[in-house]
Amino acid sequence: AIRFALAGAEGTVAAIDGLADAAAAPGVVSATATTGPGRELRVTHSFLDRVACVVATGPDPVAAAARAAAATALVRVRFTGGPTIPSPTQDRGVSGR
């Protein structure tokens, strides 16, 4: 299953935190940032809001989706001159449709 961490606010990215924790979570095979420091984030309600993705496996699709969602919740966006914002996740259901 794949889940995306989304931009929870707008501003200049200082860092994407929590990727190592997400990568170490049960069942996770990949946790990758899709943006980096210096990028101006704007909430567009499109694929451009994605700041990281997490891929996880499990004994069944429901478990894989739950693992991916739990790991994605560990990802946070830190903004220049501002707070660290937990990233909302994009969850398209168990089937991904």
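**Ground rules.** This is a predicted model, where I take local features at pLDDT of at least 70 and side-chain atom pairs only at pLDDT 80 or more, while totals for chains, interfaces and linings use all residues. I number residues from 1 along each chain as its sequence is written, and side-chain values use heavy atoms, without hydrogens and water.

**Confidence.** I noted an average pLDDT of 88 for the chain, with 85% of the residues scoring at least 70; pLDDT is the predictor's confidence in each residue, from 0 to 100. Residues 93–97 fall below 50, and that stretch has six contacts in the model beyond near neighbours in sequence. A contact here means heavy atoms within 4.5 Å. Where pLDDT is low, the predicted coordinates should not be read in detail.

**Layout.** I find two helices and eight strands, in the order β-β-α-β-β-β-α-β-β-β. These are DSSP runs numbered from the N terminus: helices are H or I with at least four residues, strands are E with at least two. Of the contacts between residues at least 6 apart in sequence, 69% join residues at least 24 apart. Buried residues make up 36% of the 97 in the chain.

**Back to Asp-17.** I place Asp-17 in strand E2 (residues 11–17). Its side chain makes a polar contact with the side chain of Arg-78, at 2.9 Å. For that term I need an N or O pair within 3.5 Å; within protein, one atom must be able to donate a hydrogen and the other to accept it, and residues adjacent in sequence count only if both atoms are side-chain atoms.

**Core.** The largest nonpolar core has 19 residues, and Ile-16, Leu-41, Val-51, Val-75 and Val-77 touch the most other members. E2, H1 (19–23), E3 (28–33), E5 (50–56), H2 and E6 (76–79) each supply at least two residues, with the largest share, four, from E5. Such a core is a set of buried Ala, Val, Leu, Ile, Met, Phe, Trp, Tyr and Cys residues joined through side-chain atoms within 4.5 Å.

**Helix H2.** I then checked residues 61–72, the twelve residues of H2. Buried in H2 are Ala-63, Ala-64, Ala-65, Ala-68, Ala-71 and Thr-72. Asp-60 caps the N-terminal end, with a side-chain oxygen 3.0 Å from the backbone nitrogen of Val-62.

Terms used. Expected span 1.5 Å × (residues − 1). Buried < 20%, exposed > 50% of the residue type's maximum accessible area, 1.4 Å probe, protein only.
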